[in-house]
Amino acid sequence: MTERTGGRSARVRAAVLGALSELLEERSAESITTSEVARRSGVNRSTLHRRWGGMPGLLADLAIDELNAASPIPAEADDLRTELCCWAEQVIDVLNAHRPGHSPFVAALLRAVQDGRAPGDLLQGRLAALDEMLLRAAGRGERVVLSALDLVEIVLLPIYATRLLSSAPLERGLAHRLVDRFLRLNAPASE
């Protein structure tokens, strides 16, 4: 079944995700209930459970929505380093826009772990997009031996870990250092 992108369905989704985003800015995800999201959004609680299956689904939808809107995979540039730095800087900007521990993506990852689900499920769409970026670079003749999963491990996870371990805003220089580490590991040993 194809979901309509406009109309009532889009309004419900926008109201629910907006309400959840507001609540996440006020307090931690663990303390937010579907009843509160329903009350704040004006959407029936049964709709939340039917459409999202509860808080894990709501958090995941908000996280992916934020990732796609605020840190999309950058347009093709002249080289992979430029693209990766742009992407990693966007991730840092998104995390800095939230108080520590209040990022929808971090909340969704933590909730997935608490519920015994693989947090990597949230990243599947992003991994495919990152793979496309790496394939574009290879198509331009750049050497690409590492995968999107390597990119997540070397660049993305340290950004998130740094944000979780410190209340100080992340510096964009972190993006460049991590991207350079990825590119060094991606280069052949003789280079």
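**Exercise 1.** Which side chain meets that of Glu22 in a salt bridge?

*Solution.* The model is predicted: local features need pLDDT of at least 70, side-chain atom pairs count only at pLDDT 80 or more, and totals for chains, interfaces and linings use all residues. Residues are numbered from 1 along each chain as its sequence is written, and side-chain values use heavy atoms, without hydrogens and water.

Step 1. Apply the criterion: a side-chain nitrogen of Lys or Arg within 4 Å of a carboxyl oxygen of Asp or Glu. Glu22 meets Arg40, at 3.3 Å from N to O.

Step 2. Glu22 is in helix H1 (residues 7–26) and Arg40 in helix H2 (residues 34–41), 18 residues apart; helices are DSSP runs (H or I, at least four residues) numbered from the N terminus.

Step 3. Glu22, at 45% relative accessibility, is partly exposed, and Arg40 has 37%; the class lies between buried (under 20%) and exposed (over 50%), with a 1.4 Å probe and protein chains only.

**Exercise 2.** Find the salt bridge between Arg172 and Asp93 and locate its partners.

*Solution.* Step 1. The closest N and O atoms are 2.6 Å apart.

Step 1. Arg172 lies in helix H9 and Asp93 in helix H5, so the pair ties together parts 79 residues apart in sequence.

**Exercise 3.** Which residues touch the most other members of the largest nonpolar core?

*Solution.* Step 1. Take buried Ala, Val, Leu, Ile, Met, Phe, Trp, Tyr and Cys residues joined through side-chain atoms within 4.5 Å.

Step 1. Of the 30 residues in this core, they are Leu84, Trp87, Val155, Ile159 and Phe182.

Step 2. Helices H5, H7, H8 and H9 each supply at least two residues of the core.
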